[in-house]
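Biologist: I have a new structure open and would like to go through it piece by piece. Can you take my questions as they come?

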Amino acid sequence: MRSTRLALAACAVLLLGACLPVTTKTPVGSTAGFANDPSLAGTWVGSTKGDPAVSYFHFLPKEDKTITLVGVTPPQKDEKGGWGTYTLQTTVLGKNHYMNAHEWLDDGKPADQKAQEANVTVYYTIEGDTLKAYLFDEDKVKALIASHKIAGTVDPGQFGDVHITEDAAKLDAMLTKPDASRLFTLLVTLHRVK
Amino acid sequence: MSRFPAILALAAALILSACYPPVTSHQVGTTVGIKNDPAVVGVWRAPGDKEHRPTYLHFLPRLEGPMAVLMVEGGPQPDGDWNEVSVTTARFGTFGFMNARLISGNGKSIEDQPEGTIPLLYRFGAKGRLLLYLPDETATKAAIKAGKIKGTITDNGKGDAVITADGAALDKFLSSPAGQALYIKPTTFTRVE
């Protein structure tokens, strides 16, 4: 278990345990293209459901159509805090907004190879100054894979990682649907720091 | 002068600095004890203005050793900088010093910097504001040239000011009025709750 408790949208699960969130073989939105969502830029603060730890999320748009996310959890009562960085690509499929997140640094050190290579999909909504980020619901994706509604694999073991291996066109088509958000579960609610 | 990477946002003013601030070859505070000051731990913000982005400072203590400080530029403009700095602190009553050394800028290690640490002065102002002062380069060079404090000004074309005085002499000087005079203009940070 890692030392940090960064409640980072794409990676809280990564930081809290050995398991990866659901990953995709191809980035979501590759058929539509990527463009930085300007509404993300700036600093947000919030916490995951049931976790009193507050984290700050600095979204720093870059000219290369990626966003660097610097996430920092300040020291809490029994925690020293921690920080991490992520590289994001954002895309819009239909009316649905997504990020593809790759972990980069964990407390200043390169994240482990598995985490760096993982492409983690985050579905998100912004209403006013509230940002809600969602990860794929693992059980729902497992069910889709089991019923062959989407191509994917589930690693062995009770906590085996789930990987969507569907090709880009089918993946994007599925996530373009208006009800695609049903495949996701809320991870974190953030508020813009003004 | 060394090209000061425009990423040391330990104070927002630093972002526009063209050269490396004065450094000390010994850390400030050896006579009073160098330890993490809990009063600075947490999140601070300088608001920015028309020319500067807002800057956030995250002070993160470690189980041992220096604190990690994350400095992140805010605002919606592209290509904001973020940096990691290693910081130790020492309190001298109502003020203190931070010994700061850049670790990385935008995720890349920073190799091109003088040996030593940057001695920042800090105080707490009204309403708990954190006032951070960089040593003024001109005043520091003048103090070195006048023999007020032992140091060097490199002749490698960069003109970096390095205070080489030992710990005791350094603490005595920087806590004196002559030493405090090296610190002229603060950058004000407000704690983010």
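**Chain contact and folds**

Modeller: The contact takes 23 residues from chain B and 21 residues from chain A. Keep in mind that this is a predicted model.

Biologist: Which elements give two or more residues to the side of chain B that touches chain A?

Modeller: They are strand E2 (42–46), strand E3 (55–60), strand E4 (67–73), strand E5 (82–92) and E6 of chain B.

Biologist: How do the residues on that side of chain B divide into nonpolar, polar and charged?

Modeller: On the side of chain B that touches chain A, 13 are nonpolar, 7 are polar and 3 are charged.

Biologist: E6 of chain B came up there. Which strand does E6(B) pair with in the antiparallel sense over 6 bridges?

Modeller: Strand E6 (residues 95–105) of chain B pairs that way with E8(B). In that pairing, Ala100(B) stands opposite Ile118(B) in E8(B).

Biologist: And how many residues of E8(B) are buried?

Modeller: Strand E8 covers residues 118–124 of chain B, and 5 of its 7 residues are buried, so the strand is mostly covered.

Biologist: What does E8(B) form with E9(B)?

Modeller: The two form a hairpin with 5 residues between them. Strand E9 (residues 130–135) of chain B runs antiparallel to E8(B), and 4 bridges join them. Phe124(B) stands opposite Leu130(B) in E9(B). In the turn, Lys127(B) has a positive phi of about 60°.

Biologist: Where else in chain B is there a positive phi at a residue that is not a glycine?

Modeller: Asp79(B) is one of them, with a phi of about 60°. Asp79(B) is in the loop between E4 and E5 of chain B.

Biologist: Is Asp79(B) buried or exposed?

Modeller: Asp79(B) counts as exposed, because it has 12 C-beta neighbours inside 10 Å.

Biologist: Changing topic. What is the strand order in the open sheet of 3 strands in chain B?

Modeller: The order is E1-E11-E10, and the pairing is mixed. Strand E1 (23–24) and strand E10 (151–153) of chain B are at the edges with a single partner strand each, so one side of each has no neighbour in the sheet.

Biologist: How many bridges join E1(B) to E11(B)?

Modeller: There are 2 bridges, and E1(B) runs parallel to strand E11 (residues 161–163) of chain B. Val23(B) has Val162(B) in E11(B) as its bridge partner.

Biologist: Which helix lies across E10 and E11 of chain B?

Modeller: Helix H1 (residues 137–145) of chain B does, and it runs at about 55° to E11(B).

Biologist: What about H2(B)? Which of its residues are buried?

Modeller: In helix H2 (residues 167–174) of chain B, the buried residues are Leu170(B), Asp171(B) and Leu174(B). Seen down the axis of H2(B), they fall within an arc of 95°, so they line one face of the helix.

Biologist: Why would residues three or four places apart point the same way?

Modeller: An α-helix has 3.6 residues a turn, so residues with that spacing point the same way.

Biologist: OK. What covers the buried residues of H2(B)?

Modeller: The cover includes E1, E6, E8, E11 and helix H3 (177–180) of chain B.

Biologist: Now chain A. How many helices and strands are there in chain A?

Modeller: Chain A has 4 helices and 12 strands. Its C-alpha trace spans about 45 × 40 × 30 Å along the principal axes.

Biologist: How does the radius of gyration of chain A sit against that of a compact globule?

Modeller: The two agree, because a compact globule of 194 residues would have a radius of gyration near 16 Å and chain A has 16 Å. Buried residues make up 46% of the 194 residues in chain A. Of the contacts in chain A with a separation of 6 or more, 58% are between residues 24 or more positions apart.

Biologist: Pick one residue. Is Asn100(A) buried or exposed?

Modeller: Asn100(A) counts as buried, because it has 24 C-beta neighbours inside 10 Å. Asn100(A) lies in strand E6 (residues 96–106) of chain A.

Biologist: What is Asn100(A) in contact with, leaving aside neighbours within four places in sequence?

Modeller: With those left aside, the contacts of Asn100(A) are Pro27(A), Val28(A), Leu88(A), Gln89(A), Asn119(A) and Thr121(A).

Methods: Residues numbered from 1 in each chain as written. Chains lettered and ligands numbered in written order. Predicted model: local features only at pLDDT ≥ 70, side-chain atom pairs only at ≥ 80, totals over all residues. Pairing = 2+ DSSP bridges. Contact = placed C-beta atoms within 7 Å. Axes fitted to C-alpha atoms, helices over the stretch in contact; angles between N-to-C directions. Buried ≥ 20, exposed ≤ 12 C-beta atoms within 10 Å, placed from the backbone. Nonpolar A, V, L, I, M, F, W, Y, C, P; charged D, E, K, R; others polar. Arc of directions from axis to C-beta. Rg over C-alpha atoms; globule rule 2.2 N^0.38 Å.
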